[in-house]
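Here is a report on a two-chain model. Read it with the sequence and structure open.

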Amino acid sequence: MGRILLEMKNITKTFPGVKALDNVNLQVEEGEIHALVGENGAGKSTLMNVLSGIYPYGSYEGDIIYNGEICQFQKITDSEKKGIVIIHQELALVPQMSIGENMFLGNERGKKSAINWNETYSEADKYLKMVGLSESSRVLIKDIGTGKQQLVEIAKALAKNAKLLILDEPTSSLNETDSRALLDLMLEFKKQGMTMIIITHKLNEVVYVADKITVVRDGSTVETLDCHSIAISEDRIIRGMVGREITDRFPKRSGVEIGDINMEVDNWTVYHPLYAERKVVDNVNMNVGAGEVVGIYGLMGAGRTELAMSIFGRSYGADITGTLKIKGEEVTLKNPREAINAHLAYVTEDRKGNGLVLSNPIRVNTSLANMAGVSKNGVIDVDKEYQVAVEYKDKLKTKTPSVEQNVGNLSGGNQQKVLLAKWMFTNPDILILDEPTRGIDVGAKYEIYCIINDLVKSGKSVVMISSELPEVIGMSDRIYIMNEGKFVGEMKAEDATQENIMACILQSGRGE
Amino acid sequence: MAKFLETLKKYAMLIILVLVYIFFVVMTKGMMFSPLNFNALITQNAYVFILATGMLMCMLTGGNIDLSCGSFVCLMGAIGGILMVVKELPAGTSIFIMLLIGVAYGCLLGFLVAYVNIPPWIATLAGYLAFRGLGTALLSANSKTGSIAPFPQTFLSLFSGKIFETKINELNIVCMAVGVVASIIVVAVNFLNRANRVKKGYEADSMISVIIKSVLSVAVIMLFAYKLAMAGGIPTVLVWVVAIVLIYSFITSKTTLGRYFYTIGGNKEATRLSGVDTKKIMFFAYLNMAVLTVITSYIVIARFQAANAQAGTNYEMDAIAACVVGGVSAYGGSGSVFGMVVGATLIGVINLGMQLMNVDADWQKIVKGIVLLGAVVFDILAAKKNANK
């Protein structure tokens, strides 16, 4: 038993009308990696905000004991002074500034009146080395990938003399390789004596790095599991998170006949809209039948989203060549409207950025892609619009007091359902779902899977893009594997394993 | 009680307007309440209502503004003067030519903003500078005084004066009749709406609140009708303003076109991927703005009965202020024609009230600045409070 570095005792935090945290207890030992898991809205982020002083002392009940003393943080800098540094899910870097500038943002090197640039960059380089980055600290943030940006965030935290590092969903925007590298880096830091708290939805990562796991459910801590005393499986963690056993993470689909080919893409090549010589999608051939779920697996940056968006009315890319056949007929879709009219739907991976209008109610979002369905001669029939929204709310079991609720107030899973409702209302035959379960909790994921099953049961085709291997394998009838713009493999779901899919990608990389 | 507070919040700006109005009535010893000042409130501010309607449509698409509209009013005045006074073309032809020029400018501006992706404030800053210069140059080239007059009577009577004008302090029957008809329509719409909602089982306001709303609306309409009737009749510009406000209320609240303005302001990319031609909407916003600016120029020429170089100075700022005070988001995506009307009226009331109190012109600007800032702070705090709930 190591020394207790941090103890959060009976923390209760209430927002007007909601008890976000109810008597939460958390003990973190020095030098361990402590995972905090729970469904969306369970209170993990709130707890970390209490710890880091974003919610100041006095706005919550209970005590934070850090290094043996009771802490009363008023603001983030108070906790950072003690060595508690939090790295948030959304990267907080300024793209137009260099790595070095970002690293010491608000913590500038030099005198009060003038920044010492030499010191800034030489120190920055030192910390970059510690996280295994070989880039110069003078490189601009926008010129490095997300994976490296995440490492810069960590280096930035190290520069603040972090003793307790809190990582909130550090791998949510990373691909498999970068994620693994990051987790290995965490294990490396642990050897050097760093204490870390990691918040993540990805349970395989938890199993990989964590020494202890604390499960949060509905604002209270349910249990703390010690990974060294008992063998922890993902199913065991899920049981704690949802309070029941999910025997099957992927609902079975039975009796669905795969019919005629609904969509076929041949020799599809897309160039980058800005860098004209860069091929983003390279000679892709694919098809999807009625009643079929086709998975496209690939790492981030493989060109999956670009492929999908270029098919969907050329909404991405330049110089697109290749043929697209819908129900056997060759079509040219010049814009999203033509794609929608051809009964194609693209459900974006970025629901907040380009999927939903967060400041508008569910009703408005549901009808947005098919206003013709709720209007006559350009005049909206608000009654009909309301009925449609309610119908889809009930059908997809969206949890909300009313369809007049702004979408921004919903949880991730419910937002995803509204997004699905919007596209289902366009009456598509082919749905391209791009990361349909990103950032949503286990329970909501299951419901999304059920919706997908219902869609194919009614004869629709689903193309599901995902970077979660178990999901691709569990949900698809057939899987395409994509790497660096090319399709490097195709396999039936029953032949697919995590190992042979990854092998496909590794082999294609070596072939270059 | 909670519901009462909610209603209070919903109509906060309206309540503030009433309070400010009463304040000025008291401070001016009732002068503000006189028929002539009712008339002045409308004729002085007609340009704000029309320009702010166009500005609202631009702002909805994402906080975009048009800085050129004030200068464009000046240029159109100069062109109108040349057409009607110097060239002596008929009013109808001149009106049509001016409208065409407006459409041409609107297309150019819309093209630059929507298709070339020039930030609106820069694209319109160019017009702000150039049109004032061009307008002034045209005026001084065609007139020694730098002001062109007199405009033909047919033109003036279309955009200024009164309908069936009677003597002051003599009740204008037409005006009263219009007031009564408007009242009946408003009450009918209120009750029919409620009945319709109840029939279909939707959430509807209680009968009492509908009655209160109707009584208050009728009171306001009849008060205006009576005061205007005593001031000589319905000002012609009021017809233009009411028509434009009603048309745009309908567009923004009931049509798919109007809906797209809001969703583009809320999330442009999501709207584009939903199959909406977002560029076309942006284009339309600026074309529409130019057309409304031309209409504004008609009423401004008619009001001053002359075209001069100062016409339209700071009109763009008045329009933006009216929108912002009326709760139109500076980031786009929210705001309503009704809110804008309340905002424009509030600024109009403050302007007129301070003039009547003989407040120094510099102080008038200071007060307006504070009101503008206050309105925005109030809006943001209210939004925050809502979000925390």
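In β22(A), A:Glu490 is the bridge partner of A:Tyr480. Strands are DSSP runs of E with at least two residues, helices are runs of H or I with at least four residues, and both are numbered from the N terminus. Two strands pair if DSSP finds at least two bridges between them.

The model is predicted: local features need pLDDT of at least 70, side-chain atom pairs count only at pLDDT 80 or more, and totals for chains, interfaces and linings use all residues. Residues are numbered from 1 along each chain as its sequence is written, while chains are lettered from A and ligands numbered from 1 in the order in which they are written.

**Around β21 of chain A**

A:Arg478, A:Tyr480 and A:Met482 point one way from β21(A). A:Ile479, A:Ile481 and A:Asn483 point the other way.

The strand pairings of chain A include these:

| Strand pair | Sense | Bridges |
|---|---|---|
| β13(A) and β21(A) | parallel | 5 bridges |
| β21(A) and β22(A) | antiparallel | 6 bridges |
| β11(A) and β12(A) | antiparallel | 7 bridges |

A:Val294 has A:Arg478 as its bridge partner in β21(A). The hairpin of β21(A) and β22(A) has 2 residues between the strands, and A:Glu484 takes a positive phi near 45° there.

**An open sheet in chain A**

Which strands form the open sheet, and in what order? The order is β12-β11-β14-β15, with antiparallel pairing. β12 (279-289) and β15 (329-331) of chain A are at the edges, each with a single partner strand, so one side of each has no neighbour in the sheet. From one strand to the next, the twist averages 15°. A:Ile261 stands opposite A:Gly289 in β12(A).

Helix α9 (residues 304-311) of chain A lies across β11, β12 and β14 of chain A, at about 70° to β12(A). Axes are lines fitted to C-alpha atoms, for helices over the stretch in contact, and angles run from 0 to 180 degrees between N-to-C directions.

**Helix α5 of chain A**

Helix α5(A) holds 14 residues, 146-159, which should span 20 Å at 1.5 Å a residue; its end C-alpha atoms are 20 Å apart, which agrees. The expected span is 1.5 Å times one less than the number of residues. Its buried residues include A:Leu151, A:Val152 and A:Ile154. The partners of its buried residues include β6 (84-87), α4 (117-130) and α6 (176-191) of chain A. Just after α5(A), A:Asn161 takes a positive phi of about 65°.

Chain B has 16 helices and 4 strands. Of its 389 residues, 44% are buried. Its C-alpha trace spans about 65 × 60 × 40 Å along the principal axes.

Two residues are in contact if their C-beta atoms, placed from the backbone, lie within 7 Å.

Terms used: Buried ≥ 20, exposed ≤ 12 C-beta atoms within 10 Å, placed from the backbone.
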